[in-house]
Amino acid sequence: MEQKLIWGVGMASSRIGLGTWSIGGWMWGGSDEAEAVKTIRTALDLGITLIDTAPAYGFGRSEELVGRAIAEHGGRERLLIATKVGLAWHAGAVYRDASAERIRTEIEDSLRRLGTSYIDIYQVHWPDPLVPVEETAEALHRLFERGTIRAIGVSNFSPEQMETFRAVAPLHVVQSPYNLFERAIEKDVLPYARRQGLTVLAYGALCRGLLSGRMRRDTRFLGDDLRQTDPKFQPRRYQQYLDAVAALDRLAHERYGRNVLALAVRFILDQGPTIALWGARRPDQLAPIDDVLGWRLDEETRVAIDRLLAEFVTDPVGPDFMAPPARETGPRSVVSLRS
Ligand code: NAP
């Protein structure tokens, strides 16, 4: 497994981290607990040492399953748990709350669910427009100084918001959407992270499964699965993305004898201070991990990727649909993210 040292934690992490949103079930059409625990244990057996979770993923369920799997597996001290803070929920809908008060209660809940006395990487899930960034940063700084958290992260923050944060507290990690189809951070967050020595946890490495190569025109999603409303998965655009995936898959086979999934995750790892968060909820989904490691994309292939994306995805759309609402619209009237 390739490794990356994370400043702050002072420990190396595997370049691939396991994403456990779908394991929580919420917004992914439910999940199977036994399969979920098996998936986490498989990830650890394959050499993945970073697991990303959040209280909001299944309203505590993802964190509990991560805690259970680590207890069964053992070796907590060799693993990095990355969880988050700053999203509250009511009646099945989430909204932002990164206040100091919320952070004080959420850390205790996360520690209990994860069955641990410390969090390795504690990340503000979304910037909260109703709470000064300084208040959030100060609350995290206190936890860091106490040793309850070993590194501080923010997620979905702009460089400007990170600058404000860093005036009050150290910052070690930024978690942002990043995959072959969602590359906005190349313009701002990624160069900023390179300059400031931050580690980037790239989320949605497979673009919610699109870049796995499994999706077909007639693939159906069940229950509250977010891909029913994800704009990339809606008819006309969906076909553009499927055509792009097919072209990228041909390219990966021609150039490297690998498939589109390997190309997509490798692309992220080649960008420097990055760790790819790969969401999986069944052990077999992690089987292709070896295809991703130990090689690099050449410049010619990178140019070819950009050409194919421009040719096939003529109406691109970003991941903005996932942004949760602020507290001012809730908790009673928050937009249900399940609708
Ligand atoms: P992702 O990694 O792009 O895609 C995950 C989905 O891809 C899986 O649930 C699975 O879907 C499919 N998949 C995975 N491996 C596969 C394989 N080998 N073959 C076929 N399909 C495969 O999406 P993500 O889970 O949204 O993102 C990764 C992680 O990033 C999350 O779990 C979470 O930890 C983090 N994240 C953070 C934020 C944030 O705001 N900070 C937002 C989103 C995600 P099926 O099981 O349905 O086939």
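**Figure 1. H141 in helix α5 of the predicted model.** H141 is part of helix α5. With a relative accessible area of 17%, H141 is classed as buried because the cut-off for that class is under 20%. Setting aside neighbours within four places in sequence, the residues in contact with H141 are I152, V168, A169 and P170. P159 is 18 residues away from H141 in sequence, and the two C-alpha atoms are 19 Å apart in space.

**Figure 2. Crossing of helices α4 and α5.** Helix α4 covers residues 100-114 and helix α5 covers residues 133-146. Their axes come within 9 Å and cross at roughly 35 degrees. The crossing of α4 and α5 is right-handed. On the α4 side the residues that meet α5 are A100, I103, R104 and I107. On the α5 side they are E135, T136, A139, L140, R142 and L143. By class, the residues of this contact between α4 and α5 are six nonpolar, one polar and three charged.

**Figure 3. T148 in the loop between α5 and β9.** The position of T148 is in the loop that joins α5 and β9. T148 has a relative accessibility of 13% and therefore counts as buried. Leaving out neighbours within four places in sequence, T148 is in contact with I107, L111, S117, Y118, I119 and L143.

**Figure 4. N156 in the loop between β9 and α6.** Strand β9 spans 149-155 and helix α6 spans 159-166, with N156 in the loop between them. N156 has a positive phi, near 65 degrees, and is a residue other than glycine. Its relative accessibility is 16%, so N156 counts as buried. The side chain of N156 makes a polar contact of 2.7 Å with the side chain of Y203. Not counting residues up to four places away in sequence, N156 touches H125, W126, P127, Q161, Q175, P177 and Y203.

**Figure 5. Packing of α6 on helix α7.** Helix α7 is made up of residues 189-196. The axes of α6 and α7 lie 10 Å apart, and the helices pack at an angle of about 30 degrees. P159, M162, E163 and R166 of α6 make the contact with V189, Y192 and Q196 of α7. By class, four residues of the α6 and α7 contact are nonpolar, one is polar and two are charged.

**Figure 6. F165 and the largest nonpolar core.** The largest nonpolar core holds 92 residues. F165, F181, L248 and W278 touch the most other members of this core. Helix α8 (residues 235-256) supplies the largest share, 10 residues. Another core lies apart from this one and has 25 residues, among them W21, M27, Y57 and L277. In soluble globular proteins, nonpolar side chains tend to be buried together. Leaving aside neighbours within four places in sequence, the residues in contact with F165 are V124, V133, A137, L140, I152, V154, F157, P170 and L171.

Figure 7. The buried residues are V260, L261, A262, L263, A264, V265, R266, F267, I268 and L269. The elements that cover them include β3 (16-19), β11 (199-203), α8, β12 (274-279), α10 (289-292) and α11 (299-312).

**Figure 8. L263 in helix α9.** L263 is one of the residues of helix α9. Its relative accessible area is 0%, so L263 is buried. Apart from neighbours within four places in sequence, L263 is in contact with L180, L248, A252, W295, L297, T301 and I305. A252 lies 11 residues from L263 along the chain, and the C-alpha atoms of the two are separated by 6.1 Å. L248, another contact of L263, is among the residues that touch the most other members of the largest nonpolar core.

**Figure 9. A91 in the loop between β6 and β7.** Strand β6 spans 87-90 and strand β7 spans 93-96, and A91 lies in the loop between them. A91 has a positive phi of about 50 degrees although it is not a glycine. A91 is exposed, because its relative accessible area is 72% and the cut-off for exposed is over 50%.

Definitions and conventions
Residues are numbered from 1 along each chain as its sequence is written. This is a predicted model: local features need pLDDT of at least 70, side-chain atom pairs count only at pLDDT 80 or more; totals for chains, interfaces and linings use all residues. Side-chain values use heavy atoms; hydrogens and water are left out. A nonpolar core is a set of buried Ala, Val, Leu, Ile, Met, Phe, Trp, Tyr and Cys residues joined through side-chain atoms within 4.5 Å. Buried means under 20% relative accessible area, exposed over 50%, partly exposed in between (1.4 Å probe, protein chains only). Helices (H or I, at least four residues) and strands (E, at least two) are DSSP runs, numbered from the N terminus. Contact means heavy atoms within 4.5 Å. Axes are lines fitted to C-alpha atoms, for helices over the stretch in contact, and angles run from 0 to 180 degrees between N-to-C directions. A crossing is left-handed if the near helix is turned anticlockwise from the far one by less than a right angle, and right-handed if clockwise. Ala, Val, Leu, Ile, Met, Phe, Trp, Tyr, Cys and Pro count as nonpolar, Asp, Glu, Lys and Arg as charged, and the others, Gly among them, as polar. A polar contact is a pair of N or O atoms within 3.5 Å; within protein, one must be able to donate a hydrogen and the other to accept it, and residues adjacent in sequence count only if both atoms are side-chain atoms.
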